[in-house]
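Look at the fold as a whole before turning to single residues.

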Amino acid sequence: MDERRRAAIVALVPFVAAMAAFSVTVAPSIYPGDSPEFTAAAHVLGVPHPPGYPHYVVLGKIAEFLPLGNAAFRLNLLSALGTAAASSVFALLAFRLTGLASASVLGAVLMAFSADLWAQSGSAEVYTLAEDRFRSALRESERDLVVDLGKREPTADRRELDLGGAMVR
């Protein structure tokens, strides 16, 4: 099996496992905490408490168009999707750094099902999408990390990455 196919499988397994588990355990409606505020803000494209979380609000508005359950349930699924995507990116990063498919999948699944992350994955919260953005930024910076570890020759100079609004070199 070629490397691209193995990488796709490594990314897909934790994503499917996380989405299967989270879709069963996601809150069916509004959940206590910030969930009502984020649900209402996404519905009217408003601004929840500072800093406003514009990415979440816009993605939440798009999620409202899904033909599933009520608006709160759809935003809760968006949070689950964020965690599943973060676990997928984590698996890819671990696979690229180690070359061990089973260990990468296991690490990603354990990360997705950790108590703190699972608790945030069932309700409309911004943490899971922030986690996904952070892991995606790590994935993008992986090329530089691999070069720093001396595993491969540099192919391009370092790029700037957007980590939640902060520019990092």
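Contact here means heavy atoms within 4.5 Å. Helices (H or I, at least four residues) and strands (E, at least two) are DSSP runs, numbered from the N terminus. The model is predicted, so local features need pLDDT of at least 70 and side-chain atom pairs count only at pLDDT 80 or more, while totals for chains, interfaces and linings use all residues. Residues are numbered from 1 along each chain as its sequence is written, and side-chain values use heavy atoms, with hydrogens and water left out.

Start with the overall layout. The chain has seven helices and two strands. Along the sequence they run α-α-α-α-α-α-α-β-β. Of the 169 residues in the chain, 39% are buried. Buried means under 20% relative accessible area, exposed over 50%, and partly exposed in between (1.4 Å probe, protein chains only). Take the contacts in the chain with a separation of 6 or more: residues 24 or more positions apart account for 64% of them.

Now go to helix α2, residues 35-44. Its buried residues are Ser-35, Phe-38, Thr-39, Ala-41 and Ala-42. Seen down the axis of α2, they fall within an arc of 165 degrees, so they line one face of the helix. That arc is taken from the directions from the helix axis to the C-beta atoms. The cover over these buried residues includes α3 and α4. Just after α2, Leu-45 takes a positive phi of about 55 degrees.

Next, see how α3 and α4 meet. The axes of α3 (residues 54-63) and α4 (residues 71-98) come within 9 Å and cross at roughly 120 degrees. Axes are lines fitted to C-alpha atoms, for helices over the stretch in contact, and angles run from 0 to 180 degrees between N-to-C directions. The two helices are therefore oblique to each other. Angles under 35 degrees count as roughly parallel, over 145 as roughly antiparallel, 65 to 115 as roughly perpendicular, and the rest as oblique. α3 passes α4 in a right-handed crossing. A crossing is right-handed if the near helix is turned clockwise from the far one by less than a right angle, and left-handed if anticlockwise. On the α3 side, Tyr-56, Leu-59, Gly-60 and Ala-63 make the contact; on the α4 side, Arg-74, Leu-75, Leu-78 and Ser-79 do. By class, this contact has five nonpolar, two polar and one charged residues. Ala, Val, Leu, Ile, Met, Phe, Trp, Tyr, Cys and Pro count as nonpolar, Asp, Glu, Lys and Arg as charged, and the others, Gly among them, as polar.

A second pair is α1 (residues 3-25) and α5 (residues 101-112). Their axes come within 10 Å and cross at roughly 25 degrees. α1 and α5 are therefore roughly parallel to each other. The crossing is right-handed. From α1 come Arg-6, Val-10, Val-13, Pro-14, Ala-18 and Phe-22; from α5 come Ala-101, Ser-104, Val-105, Ala-108, Val-109 and Ala-112. The contact of α1 with α5 has 10 nonpolar, one polar and one charged residues.

Finish with two buried residues. Thr-83 lies in helix α4. At 0% relative accessibility, Thr-83 counts as buried. Leaving out residues up to four places away in sequence, Thr-83 touches Phe-22, Ala-112, Leu-117, Ser-121 and Thr-128. Ser-123 sits in the loop between α6 (115-120) and α7 (127-148). Its relative accessibility is 4%, so Ser-123 counts as buried. With residues up to four places away in sequence not counted, Ser-123 touches Tyr-31, Ser-35, Asn-76 and Ser-79.
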